[in-house]
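Dear colleague,

Please find below the structure that I am handing over to you, together with its sequence.

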Amino acid sequence: MKSAATLKTRFVMIPIVVFTGKSYGAWRDWFFATTKPTVSSGKSCIDWVAFLTFQFQVYGLTLWTVGADVTDIATLFASIAFLMTIIVRPIGLLIQVMRSLVGVGVKINASIATKSHQSCL
(Lines give C-alpha, C1' and ligand atoms only; values in the text may rest on other atoms or scores of the structure.)
Protein backbone atom coordinates (compact mmCIF):
# COMPACT_ATOMS: atom_id res chain seq x y z
CA MET A 1 0.00 0.00 0.00
CA LYS A 2 1.21 3.48 -0.74
CA SER A 3 2.02 5.87 2.10
CA ALA A 4 -0.96 8.12 1.38
CA ALA A 5 -3.37 5.15 1.51
CA THR A 6 -1.79 3.91 4.74
CA LEU A 7 -2.15 7.33 6.33
CA LYS A 8 -5.75 7.60 5.14
CA THR A 9 -6.51 4.17 6.63
CA ARG A 10 -5.03 5.21 9.98
CA PHE A 11 -7.18 8.35 10.10
CA VAL A 12 -10.30 6.44 9.15
CA MET A 13 -9.61 3.78 11.79
CA ILE A 14 -9.44 6.22 14.73
CA PRO A 15 -13.19 6.92 14.98
CA ILE A 16 -14.00 3.31 14.04
CA VAL A 17 -11.90 1.95 16.91
CA VAL A 18 -13.52 4.41 19.33
CA PHE A 19 -16.97 3.43 18.07
CA THR A 20 -16.35 -0.36 18.22
CA GLY A 21 -14.32 -0.37 21.45
CA LYS A 22 -17.20 -1.27 23.76
CA SER A 23 -18.40 -4.03 21.45
CA TYR A 24 -14.88 -5.45 21.19
CA GLY A 25 -14.57 -5.40 24.99
CA ALA A 26 -17.83 -7.37 25.32
CA TRP A 27 -16.66 -9.81 22.62
CA ARG A 28 -13.34 -10.32 24.41
CA ASP A 29 -15.09 -10.78 27.76
CA TRP A 30 -17.37 -13.41 26.24
CA PHE A 31 -14.36 -15.37 24.95
CA PHE A 32 -12.71 -15.27 28.36
CA ALA A 33 -15.92 -16.24 30.18
CA THR A 34 -16.60 -19.09 27.79
CA THR A 35 -13.10 -20.61 27.76
CA LYS A 36 -11.94 -19.69 31.29
CA PRO A 37 -8.19 -19.88 30.53
CA THR A 38 -6.01 -20.35 33.61
CA VAL A 39 -2.46 -20.18 32.28
CA SER A 40 -0.74 -17.19 30.69
CA SER A 41 -0.37 -18.84 27.28
CA GLY A 42 -4.09 -19.67 27.25
CA LYS A 43 -4.98 -16.08 28.07
CA SER A 44 -2.69 -14.85 25.30
CA CYS A 45 -4.30 -17.26 22.85
CA ILE A 46 -7.82 -16.14 23.81
CA ASP A 47 -6.82 -12.47 23.45
CA TRP A 48 -5.41 -13.27 19.99
CA VAL A 49 -8.49 -15.20 18.83
CA ALA A 50 -10.86 -12.54 20.16
CA PHE A 51 -8.91 -9.80 18.40
CA LEU A 52 -8.67 -11.61 15.09
CA THR A 53 -12.31 -12.69 15.00
CA PHE A 54 -13.57 -9.19 15.79
CA GLN A 55 -11.09 -6.66 14.44
CA PHE A 56 -10.08 -8.35 11.16
CA GLN A 57 -13.48 -7.75 9.61
CA VAL A 58 -13.46 -4.11 10.70
CA TYR A 59 -9.91 -3.61 9.42
CA GLY A 60 -10.62 -5.37 6.12
CA LEU A 61 -13.70 -3.29 5.46
CA THR A 62 -11.76 -0.12 6.25
CA LEU A 63 -8.94 -1.11 3.87
CA TRP A 64 -11.44 -1.88 1.12
CA THR A 65 -13.20 1.46 1.75
CA VAL A 66 -9.99 3.46 1.31
CA GLY A 67 -9.20 1.66 -1.95
CA ALA A 68 -6.85 -1.21 -1.09
CA ASP A 69 -6.96 -4.12 -3.51
CA VAL A 70 -7.38 -7.77 -2.51
CA THR A 71 -3.63 -8.44 -2.67
CA ASP A 72 -2.86 -5.51 -0.36
CA ILE A 73 -5.57 -6.60 2.07
CA ALA A 74 -4.31 -10.21 2.15
CA THR A 75 -0.72 -9.06 2.70
CA LEU A 76 -1.76 -6.70 5.48
CA PHE A 77 -3.89 -9.41 7.13
CA ALA A 78 -0.91 -11.78 7.21
CA SER A 79 1.31 -9.07 8.68
CA ILE A 80 -1.27 -8.04 11.29
CA ALA A 81 -1.97 -11.66 12.29
CA PHE A 82 1.74 -12.16 12.97
CA LEU A 83 2.19 -8.82 14.74
CA MET A 84 -0.87 -9.40 16.92
CA THR A 85 0.59 -12.65 18.28
CA ILE A 86 3.18 -10.41 19.92
CA ILE A 87 1.22 -7.36 21.06
CA VAL A 88 -2.38 -8.44 21.61
CA ARG A 89 -1.89 -9.68 25.20
CA PRO A 90 -0.35 -6.39 26.39
CA ILE A 91 -3.28 -4.60 24.73
CA GLY A 92 -5.69 -6.89 26.59
CA LEU A 93 -3.93 -6.19 29.87
CA LEU A 94 -4.12 -2.45 29.16
CA ILE A 95 -7.88 -2.79 28.61
CA GLN A 96 -8.20 -4.47 32.01
CA VAL A 97 -6.11 -1.80 33.76
CA MET A 98 -8.08 1.05 32.18
CA ARG A 99 -11.37 -0.56 33.18
CA SER A 100 -10.24 -0.87 36.78
CA LEU A 101 -9.03 2.75 36.84
CA VAL A 102 -12.41 4.09 35.73
CA GLY A 103 -14.44 1.62 37.77
CA VAL A 104 -15.95 -0.36 34.94
CA GLY A 105 -16.47 -3.98 35.86
CA VAL A 106 -17.60 -6.89 33.80
CA LYS A 107 -20.49 -9.17 34.64
CA ILE A 108 -21.08 -12.30 32.62
CA ASN A 109 -24.75 -13.27 32.51
CA ALA A 110 -26.23 -16.06 30.37
CA SER A 111 -23.00 -16.40 28.37
CA ILE A 112 -23.22 -12.81 27.16
CA ALA A 113 -20.67 -10.28 28.29
CA THR A 114 -22.30 -7.16 29.71
CA LYS A 115 -20.99 -4.21 31.64
CA SER A 116 -21.94 -4.10 35.30
CA HIS A 117 -21.92 -0.29 35.24
CA GLN A 118 -23.62 2.05 32.81
CA SER A 119 -20.39 3.91 32.03
CA CYS A 120 -18.13 2.65 29.30
CA LEU A 121 -14.48 3.00 28.46
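Trp-30 has a relative accessible area of 31%, which makes this residue partly exposed. Here, buried means under 20% relative accessible area, exposed means over 50%, and partly exposed covers the range in between, with a 1.4 Å probe and protein chains only. Trp-27 falls in the partly exposed class too, at 32% relative accessibility. Please note that this is a predicted model, in which local features need pLDDT of at least 70 and side-chain atom pairs count only at pLDDT 80 or more, while totals for chains, interfaces and linings use all residues. Residues are numbered from 1 along each chain as its sequence is written, and side-chain values use heavy atoms, without hydrogens or water.

Aromatic residues

The structure contains eight aromatic pairs. One of them joins Trp-27 and Trp-30 and is stacked, at 5.9 Å centre to centre with 25 degrees between the planes. For these assignments, the rings of Phe, Tyr and Trp (its six-membered ring) pair if their centres lie within 6.5 Å; planes under 30 degrees apart are stacked, those over 60 are edge-to-face, and the rest are tilted. Both Trp-27 and Trp-30 belong to helix α1 (residues 3–35), where three residues, about one turn of the helix, separate them. An α-helix has 3.6 residues a turn, so residues three or four places apart point the same way.

Trp-27 also pairs with Phe-54: the ring centres are 6.5 Å apart and the planes stand at 40 degrees, so this pair is tilted. Since Trp-27 is in helix α1 and Phe-54 in helix α2 (residues 40–65), the pair ties together parts that are 27 residues apart in sequence. Helices (H or I, at least four residues) and strands (E, at least two) are DSSP runs, numbered from the N terminus. Tyr-24, Trp-27, Trp-30, Phe-31, Phe-51 and Phe-54 make up one aromatic cluster.

Surroundings of Phe-54

Phe-54 is buried, at 17% relative accessibility. Leaving aside residues up to four places away in sequence, Phe-54 touches Thr-20, Ser-23, Tyr-24 and Trp-27, where contact means heavy atoms within 4.5 Å. Thr-20 lies in helix α1 and is buried at 12% relative accessibility.

The nonpolar core

Which residues of the largest nonpolar core touch the most other members? Of its 16 residues, they are Tyr-24, Phe-51, Phe-56, Tyr-59, Leu-63, Ile-80 and Met-84. A nonpolar core is a set of buried Ala, Val, Leu, Ile, Met, Phe, Trp, Tyr and Cys residues joined through side-chain atoms within 4.5 Å. Helices α1, α2 and α3 (70–102) each supply at least two residues of this core, and α2 gives the most, with seven. Ile-80 touches Phe-51, Phe-56 and Tyr-59, again not counting residues up to four places away in sequence. Ile-80 and Met-84 are among the buried residues of α3, which also include Ile-73, Arg-89 and Arg-99.

Helix geometry

The 26 residues of α2 should span 38 Å at 1.5 Å a residue, and its end C-alpha atoms are 37 Å apart, which agrees. The expected span is 1.5 Å times one less than the number of residues in the helix. At Gln-55, α2 bends by about 35 degrees; such a bend is the angle between axes fitted to the seven residues ending there and the seven starting there. Just after α2, Gly-67 adopts a positive phi of about 105 degrees.

For α3, a straight helix of 33 residues would span 48 Å at 1.5 Å a residue, whereas its end C-alpha atoms span only 40 Å. This helix has a kink of about 55 degrees centred on Thr-85.

The protein as a whole

The protein has three helices and two strands, which follow the pattern α-α-α-β-β along the sequence. Of its 121 residues, 31% are buried. Among contacts between residues at least 6 apart in sequence, 61% join residues at least 24 apart.

Yours sincerely
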